[in-house]
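Subject: Structure for you to look at

Hello,

Here is the structure I promised to pass on. My notes on it follow below.

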Amino acid sequence: MAVLETVIGLEVHVELGTRTKIFCSCATEFGAPPNSHVCPVCLGSPGALPVLNEQALALGVRAALALNCRVPAESKFDRKNYFYPDSPKAYQISQYDEPIGQHGFVEIVVGGEKKRIGVTRVHLEEDAGKLNHSPYGDVSLVDLNRVGIPLIEIVSEPDIRSAEEARLYLEEIRSIMQYCLVSECRMEEGSLRCDANISLRPMGQREFGTKTEIKNMNSFRNVQRGLEYEQERQAAMLARGESVAQQTLRWDEATGATLLMRSKEDAHDYRYFPDPDLPRILLSAAYIEARRGEIPELPARKRERFEREYGLPAYDAGVLTASRELAEYFDQTAQRVRDPKSASNWIMGELLANLKAAALLIDEIQVTPLALADLIGLIEDGTISAKIAKTLLKDMLDTGKDAKTLIAEQGLVQISDEGELRAVAERVLAANRKSVDDYRAGKEKALGSLVGQMMKETKGKANPQIVNRVLLELISGRE
Amino acid sequence: MDFFSSLRELHTGLTRRETTASELLDWSLQRIAAVDDRVRAFLHVSAPRGDSDRRMGADIAADRMLAGIPYALKDNMCTRGIETTCASHILKGYIPPYSATVVERLDDAGAALVGKLNMDEFAMGSSTENSGFFPTRNPWDLERVPGGSSGGAAAAVASGMVPFALGSDTGGSIRQPAAFCGVVGLKPSYGLVSRFGLVAFASSLDQIGPLTHTVEDAAIVLQAIAGKDGRDSTSAHIQTPDYRAALTGDIRGLRIGIAEEYFGPSVDAGVRGTVMKAVALLEQLGAVVSPISLPHTEYALSAYYLIAPAEASSNLARYDGVRYGFRAVDAENLMDMYEKTRSAGFGPEVKRRILIGTYALSAGYYDEYYKRAQQVRTLIRQDFERAFADVDVIVSPTAPTTAFRLGEKVLDPLTMYLSDICTVPVNLAGLPAISVPCGLIEGLPVGLQMIGRMFDEETLLRAAHAYEQAAGMAPLRPELAMEVKA
Ligand SMILES: [Zn+2]
C-alpha cells in the first residue's frame, strides 16, 4: 500500500464583534434569555426588510484584508434557501459568487518551517437560530437570538496536510481576528466555529480522494482530535480495500468518534440567487484603504520583529505574541529596559504566573509596562534583589503603587555599601566559626549557610554579589 | 360632497368645518354597509376606535391635506394590531407586530384607516379571483372582475366606499384594476415609496401606490407616502418635489411616444380606438406625438413570469406554520408539517408560481431560466432608456381589454397572464406609470397608461392631469355608486 497523504480544507466561521445584528438593530449579547433579542426583521415577519449594519461590513472587509485577500470594488448578497426551523425566513442571507474577499493566505509555522495556507474566500453572512430539545416533552424549542448575528466564513484551500496543521491554522486565524479587533473568537461561546473537509490520496497523486465533511469540532483540541480520528478511519478503510463515501459527519466528543449526519444523496440544492432586498455592495478604493489602515502589526510579523529587534528566542516570541495586549505590553516594557530578554523573562515568568493565579487578563492589571520596566531597572542597577523584586511585583499588582513608592514605604533598598556589609560579615563569621572551618575544609556548601545568615541579618536587603565577595575576602584574609 | 369629490374638496370641507372627520368616517362605513355585500371589496373593516374624531379633528390644518380623510389598504400592507392576510389562508389570523412605513406616514398625515381590502392571494393574479376567501366584483358590472391583484382597492374607490386606497403593483396590479374599475392608479418609480411592511411577492418589482378618482388626488397621496426610508435598503435617496405644483395643465411641446409593440393583436380593437382618441386629444393640447420602438417587449412576459415566481418562491418559503398564521394539525414530523401546512394554506395559483420559481432557481436550470430572464430585463430597461432619449412620456393602453367576466379566464392562466402585457415591462424597468380613465366601451371603463422616466413622476403626473382635465370625464361614477347619496 502506498504512503498516504492527508488533504484538509477548513471552513471557519467567525462572529464579528458588532454591538448589533447584521441586518437589524437587535443586540448581539451572548447568553440572553431565549428569543429576547429579536424583532420583525430577524424573525422574518412578513414585510420586514434587512438593512446592512455598516460596522459588520467594515469588520468583514478588515478581516478579509488581514487574511491577505483581494477585496473587490463590488460584491453582493445572495439568498441561500432551505427549510428548517432555525431559519425564520427559510433562507440565509449570505454571499455566493461575489464575496467580499478572495485569494488570500495565512502563514503558519510547522516544525520550525513557515508554510502558507491559501484562503479561497471570505464572505459575510448571518447566523441561524438554535434548536434546543425541550425538557417538557418530545419537541424542539427554537431560540432565535442568534439569527442575524454577523459572521464571516473563511474558506481555506485544500493546503493543509495534517491535523496539527489544521489546529495551527485555526489558532493563527483566531490570533489575527483578535489582533484586528474583528472578533473575540471564543470557541466556547460559538464565536469561532470550524468545519473541515478531509480526504486521503496516495503520496504524489494529483487528484483528490473522496472527502468527508466533519462538523461540530468546537475546540482547538477537538479539531485536532477529530481530524486525527477521521484520518485514521479513512486510512483503515482504504487499507481494507474499501472506498470512502462522501458524507457529512459529526464529531462526537464523548465517544471520540465521527458519526454520520447525512450522505451525499441528501445534499441540498440551496437555489442561491441575488437578494433583491439588498443593493450591491460598492466599496471605494478610499474605503478599502481606510480598513487596511485599521489593521495593526499582525502576530506573524510581530514574532519576527521580536526575534530580530529584541533578540528573543522563537519560543519567547511565540508566547508573547499570543495576544495583541500581551505583545503590546511586552513591546512597551522591552523598549524601557537595558536587556529585553529580562523583560521577556519577567513577563513570561512572574507576571503571567501572577495573572493566572488571580484569573486576570493583561489589560486588567494596574501595573503599567512603564512600572514593570522601572522594577526591572531597579534590579539591573542593584537597588533591589531579584527576590525582593518578586515580592514587590505582587504588591504592585495588589496596590497599583509603583516599585519606588513601595521600596520607600517598606525600607527595601538593597544594601550595597561595602563597609556596612563588611561589618555585618565580620559579626556573622565570628558567630559561625564552624561554617568557616567547614568551608576551608572544602565544603563549598558552607558558604551558602553564611550567605543565608547575612541575608537574615539584613532582612534580605544585602546585595548578594557584594555579600559573596566580602565573605570570600574575609575568609581568605583570615588564613 | 361625497367620496367622488376630490381630496381637495374634502379637505376644504373639513377646514371650513362644513363636515367633520367622524362624519366622513360614518359616510365611509355607511357606504360599505350599503354596497359591499355586492362588491365584496373589504376583507375586514377596522374603523378607528374611540376618540379618533377628536384626535383627527384637532389635526386638521391647511397644510395637512389628508387629515381626517378615510382610506383603505390592500391587505398585503402590515397594520399593527390589525389582521393582515394577503387574502391567503396561510396568514389567516396573523396580526403584525408593526405597521408598514406607508401606514405610519398616512397615520402621521392624519388619514383614517377604514379597513383592509381583498386581493389576489399574495398579489398573484389579474382578477382578484385568486383571493383565498372570495372574489371581488367590478362595481360597473357585478358579473365582471375588478382586475387584480389590487381589485379590492380599485373596486372600493370606484364604488365610493373610500376616497382613496393604497395598492401594490408588481406587474400591473394597481394600473390594470384601476383601468377595469375606472379610477386613477399610480405605480411610482421603484424605490420611491418604501416597501417596509409590504408583504413581499417579488421584491425587485413590488411597489406601493395610490388608487384615486383624480390625478391630483394621486399626487396628494404620493406626496404623503413617498421618500427615503432607512428601513428599506432599496428605497431611493430622492428629494421628493411638490407633486401638485407639477400639475400646470400645460403640456405644450411635451414629447409623447407611441410604441407599436403595445398595440399588438391581443389589444382589443375598441380599446385601441379609445386610446388613440386620447392620444389625439393630447396632440390637441400641444403634445408632439411620435412613434417609438420597444423591440424586446415580446419577451417581457416570459421574463416576468420567471423573475417574479423565482423571488416569490423564496419570499413565500417563510410561511411554514412554525411561527405564525396557519399550521396543519395532523402532522407526524417536521417535514410533514411543512408539506401539509403549505399544501392546505396556499391556493393553486400561488402553488403554481412557487413551483415555477423553484424550478427556475434550481441547480442546472438557473442559467437557462433565471439568469436569462435577468438578461432580458436588462434589454427591456435599455429599450426604455433609448426611447426616453427622444420622448418624455410613453402612452399605451393599460390593459388589452376591458373587464372580463368572472370565471372567464380562471382555467386558462396563460390568457390571464396576457392581461399584464402592457404593464409588466414597466415593472421590469422600474419606471413610474399611471392609468387614467379614457372612456367607456359598452359601459365598461378603459384605461390609458402613461409611462414616465425614472423618478420623473412630475412630468408623468402633469401629462396625466392635463389629459384628465381636457377629457373632462373624471370622476367616473358607476351606476351602483349613484344609489347611495350622502
Ligand atoms: Zn432583530
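**A loop in chain B**

N118(B) sits in the loop between β3 (112–117) and α5 (151–158) of chain B. Helices (H or I, at least four residues) and strands (E, at least two) are DSSP runs, numbered from the N terminus. The model is predicted, so local features need pLDDT of at least 70 and side-chain atom pairs count only at pLDDT 80 or more, while totals for chains, interfaces and linings use all residues. Residues are numbered from 1 along each chain as its sequence is written, chains are lettered from A and ligands numbered from 1 in the order in which they are written, and side-chain values use heavy atoms, with hydrogens and water left out.

N118(B) has a relative accessible area of 0% and therefore counts as buried (under 20% relative accessible area; exposed is over 50%, partly exposed in between; 1.4 Å probe, protein chains only). The side chain of N118(B) makes a polar contact of 2.9 Å with that of T136(B). A polar contact is a pair of N or O atoms within 3.5 Å; within protein, one must be able to donate a hydrogen and the other to accept it, and residues adjacent in sequence count only if both atoms are side-chain atoms.

S149(B) is also placed in the loop between β3 and α5 of chain B, and the peptide bond joining G148(B) and S149(B) is cis, with omega about 10°.

**Other backbone points**

P475(B) belongs to the loop between α15 (457–471) and α16 (479–482) of chain B.

R40(B) has a phi of about 60° and lies between α2 (21–39) and β1 (42–45) of chain B, in a loop; with a relative accessible area of 36%, R40(B) is partly exposed. A359(A) has a phi of about 55° and is in the loop between α8 (340–358) and α9 (369–380) of chain A. A359(A) is exposed, at 65% relative accessible area.

**Where the chains meet**

The contact (heavy atoms within 4.5 Å) involves 37 residues from chain B and 31 residues from chain A. Together the two chains bury about 2600 Å², of which 59% is on carbon and sulfur atoms. Buried area here is the accessible area (1.4 Å probe) that two parts lose on being put together, summed over both. In chain B, the residues that lose the most area to chain A are S233(B), S314(B) and R318(B), together 22% of what that side buries.

Between chain B and chain A there are 16 residue pairs in polar contact, both at pLDDT 80 or more. On the side of chain B that touches chain A, α9(B) gives the most, with four residues.

How many salt bridges are there between chain B and chain A? The count is one: R195(B) pairs with D277(A), the closest N and O atoms being 3.0 Å apart. A salt bridge is a side-chain nitrogen of Lys or Arg within 4 Å of a carboxyl oxygen of Asp or Glu.

**Cysteines**

A disulfide is a pair of cysteine sulfur atoms within 2.5 Å, and the count over all chains is zero. The sulfur of C438(B) has its closest cysteine sulfur in C422(B), 12 Å away, which is too far for a bond. C438(B) is buried at 6% relative accessibility, and C42(A) is buried with a relative accessible area of 4%.

Regards
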